[in-house]
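Welcome! Open your viewer, get your selection tool ready, and follow along one stop at a time.

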Amino acid sequence: MANTLVGVDHSGSYRIYLTDTTELVQTAQDIHHATPLATAGLGRVLTGTGIMSLLLKKEDDRMTVNFRGDGPAGQILAVGRGDGCVKGYIANPDVDLPLKSNGKLDVGGSLGDGELTVIKDLGLKEPWSGTIAFVSGEIAEDLTAYYYVSEQQNTSFALGVRIGTDSRVECAGGMFIQMLPDAREGAIEALEALLGSMPPITESLRQTRGQAGLSEEGYLESLRDRIFADVPAEYFPRTLEFREIRWQCDCSREKMKSALATIGIKDLRQLAEEDKGAELGCQFCGSKYRFSEAELTDMIETIKGGKQ
Ligand SMILES: [Zn+2]
């Protein structure tokens, strides 16, 4: 399955990732029972993180994108891997605010003021991380600023989630454009004109999704053709490959057990003796993992054994 077009323009001035994440964002809304506003924020972060993860070199490289603010949404966090798998959560999935004066969901208001931190785990000794203050908390602008400030790269994100009248995801997706080192002046001008006049990405998605009889690849190219219709031929993006961004949580009983062991012997003993066991839920997908009193006692013995 492909839902992402990767391309470069004919002059080699910029690269582009164009994605339709409607199914992915619907999955996230279902798992987290998220309000339309929470779904819009989480969906934008998941889409942005998915695109950024595809830029990682190795399939098991990981990237964490963490928006932490003082608004009622609290925090939106997503983790992506180089193979295109993403997962994420929002601290307050019940968040609800009046629409903005332009009729849009107030994602920036839901996050308030705060910081965006990006952590890249490339399998090296130390993960790399960069932090910036929110520009607007509307996600796309913040990720654009992050690339400019932390990675010194001229990048532009467009991210959108459109919620239907039934409160479910009508469409969601995003576009990422990054200038390459030898970008031509004409390409920069063409992109500035495009980005300055482009309708919301969800509008292009909605119109293209309405076209019948397209393959997945044909759909993505049709979406690109619609968005870049007025860009001169030499700066028009050709397709390099198709990729997929998909929801997948990689939690497991083993990982939960390791996490539980870090709380220490005293707390484990209390759980074993007073609660006769422990139940841990995955923040990302809601899966529950139950550990019996005997398992907790075993864990305590193992930790003790390791210390001798
Ligand atoms: Zn999980």
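Which domains does the domain assignment of the protein chain give? Keep in mind that you are looking at a predicted model. The assignment gives domain 1, residues 4-247, and domain 2, residues 253-307. Give each its own colour. Their centres, taken over C-alpha atoms, are 37 Å apart. Four residues from domain 1 and four residues from domain 2 make up the contact. On the side of domain 1 that touches domain 2, strand S5 (residues 85-90) gives the most, with three residues. That side of domain 1 divides into two nonpolar residues, one polar and one charged.

Next, select residues 36-54, which form helix H2. Its 19 residues reach 27 Å from the first C-alpha to the last, close to the 27 Å expected. Is H2 largely enclosed or open? Because 18 of its 19 residues are buried, H2 is largely enclosed by the rest of the structure.

Now show the side chains of Leu42, Val45 and Leu46, the residues with the most contacts inside the largest nonpolar core, which has 68 residues. H2 supplies the largest share of this core, nine residues. A second, separate core has six residues, including Leu268 and Phe291. Go back to Val45: leaving out residues up to four places away in sequence, Val45 touches Val65, Phe67, Ile76, Ala78, Gly88 and Ile139.

For the last stop, pick Gln283, in the loop between strand S12 (277-281) and strand S13 (288-292). Gln283 counts as partly exposed because it has 14 C-beta neighbours inside 10 Å.

Definitions and conventions. Residues are numbered from 1 along each chain as its sequence is written. This is a predicted model: local features need pLDDT of at least 70, side-chain atom pairs count only at pLDDT 80 or more; totals for chains, interfaces and linings use all residues. Helices (H or I, at least four residues) and strands (E, at least two) are DSSP runs, numbered from the N terminus. The expected span of a helix is 1.5 Å times one less than its number of residues. A residue is buried if 20 or more other C-beta atoms lie within 10 Å of its own, exposed if 12 or fewer, and partly exposed in between; C-beta atoms are placed from the backbone. A nonpolar core is a set of buried Ala, Val, Leu, Ile, Met, Phe, Trp, Tyr and Cys residues joined through C-beta atoms within 7 Å. Two residues are in contact if their C-beta atoms, placed from the backbone, lie within 7 Å. Domain bounds come from an automatic or database domain assignment. Ala, Val, Leu, Ile, Met, Phe, Trp, Tyr, Cys and Pro count as nonpolar, Asp, Glu, Lys and Arg as charged, and the others, Gly among them, as polar.
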